[in-house]
Amino acid sequence: MKGFSDHFNKAPVQLAPAKTAVIVVDLVNDFMKEGGSMVLGGGMAVVPPILKIVDAVKKKGGTVVYIKDNHRPDKTDAEFLIREPHCIDGSWGAELIDELSPDASDYILKKRRFSSFFQTDLDMILRENGVETIIVVGVVTNICVRSTVHDGFFNGYRCIVPQECVMATGDREQESTLWDIDTHFGYVMKTDEVLKIIG
Ligand code: ZN
């Protein structure tokens, strides 16, 4: 008998680069840089492959959206019932890392929840740009990347996750989350394969 997750109905992914957006999730100092309030060990390894994906999509006329986790300075945010305060609005920790270089054609959005879609302008921006496919990259795989992929899928977007461009809180979480995404929510692919289909 087939296992529940083995009931695939997936065609090989194709995408129209101009109708594609890269969603760069939470590459902010608090999560990425020494001195940050909640650093993901080794997280900077995702940056070089992410820059390749961003560059490729921009060259082909696609959309780039940088998402910044960003919480209220009064620390009333519901997330802080569970997590220590981080990414406080206006602080160094809430800023994008220096390795990124957004230009005037890119979007920068703040979010207050794990999902980049939850009560942000993201869905409206994607629709205004005719986006059909989102490539979700950044940190961390099993929290904000995953929540963003879930909502992206629920909103009708084809979701691609290049595996070297995301990092989880541990190996078990990376494996489990990417398995769930690849079997139910989208496509997990090697970064080189994604670059190939961007063209
Ligand atoms: Zn947060």
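Which residue just after α4 takes a positive phi? The residue is glycine 156, whose phi is about 95°. To place this detail, the whole chain must be considered.

The model is a predicted one, in which local features need pLDDT of at least 70 and side-chain atom pairs count only at pLDDT 80 or more, while totals for chains, interfaces and linings use all residues. Residues are numbered from 1 along each chain as its sequence is written, and side-chain values use heavy atoms, with hydrogens and water left out.

The chain contains six helices and seven strands. Here helices (H or I, at least four residues) and strands (E, at least two) are DSSP runs, numbered from the N terminus. Read from the N terminus on, the order of elements is β-α-α-β-β-α-β-α-β-β-α-β-α.

The overall dimensions come next. The C-alpha trace spans about 50 × 45 × 30 Å along its principal axes. The radius of gyration is taken over C-alpha atoms, and the globule rule is 2.2 Å times the number of residues to the power 0.38. For 199 residues, a compact globule would have a radius near 16 Å, and the chain agrees because its own value is 16 Å.

Of the 199 residues, 50% are buried; buried means under 20% relative accessible area, exposed over 50%, and partly exposed in between (1.4 Å probe, protein chains only). A contact means heavy atoms within 4.5 Å. Among contacts between residues at least 6 apart in sequence, 77% join residues at least 24 apart.

Helix α4 (residues 141–154) illustrates how residues are covered. Its buried residues are Thr141, Asn142, Cys144, Val145, Ser147, Thr148, Val149, His150 and Gly152. In general, an α-helix has 3.6 residues a turn, so residues three or four places apart point the same way. The cover over the buried residues of α4 includes the strands β1 (20–25), β3 (107–111), β4 (133–139), β5 (158–162) and β6 (166–167), and also α5 (171–185).

The loop between β4 and α4 holds valine 140. The peptide bond that leads from valine 139 to valine 140 is cis, with omega near -15°.

Aspartate 26 lies in the loop between β1 and α1 (29–32), and its phi is near 60°. Aspartate 26 counts as buried because its relative accessible area is 0%. Cysteine 87 is placed in the loop between β2 (63–69) and β3, with a positive phi of about 50°. Cysteine 87 is also buried, because its relative accessibility is 0%.

The cysteines raise one more point. A disulfide is a covalent bond between the sulfur atoms of two cysteines. Cysteine 87 is in no disulfide, and the nearest cysteine sulfur, that of cysteine 144, is 8.8 Å away. Cysteine 165 is likewise in no disulfide, as the nearest cysteine sulfur, that of cysteine 159, is 15 Å away. Cysteine 165 counts as buried because its relative accessibility is 0%.

Methods: A disulfide is a pair of cysteine sulfur atoms within 2.5 Å.
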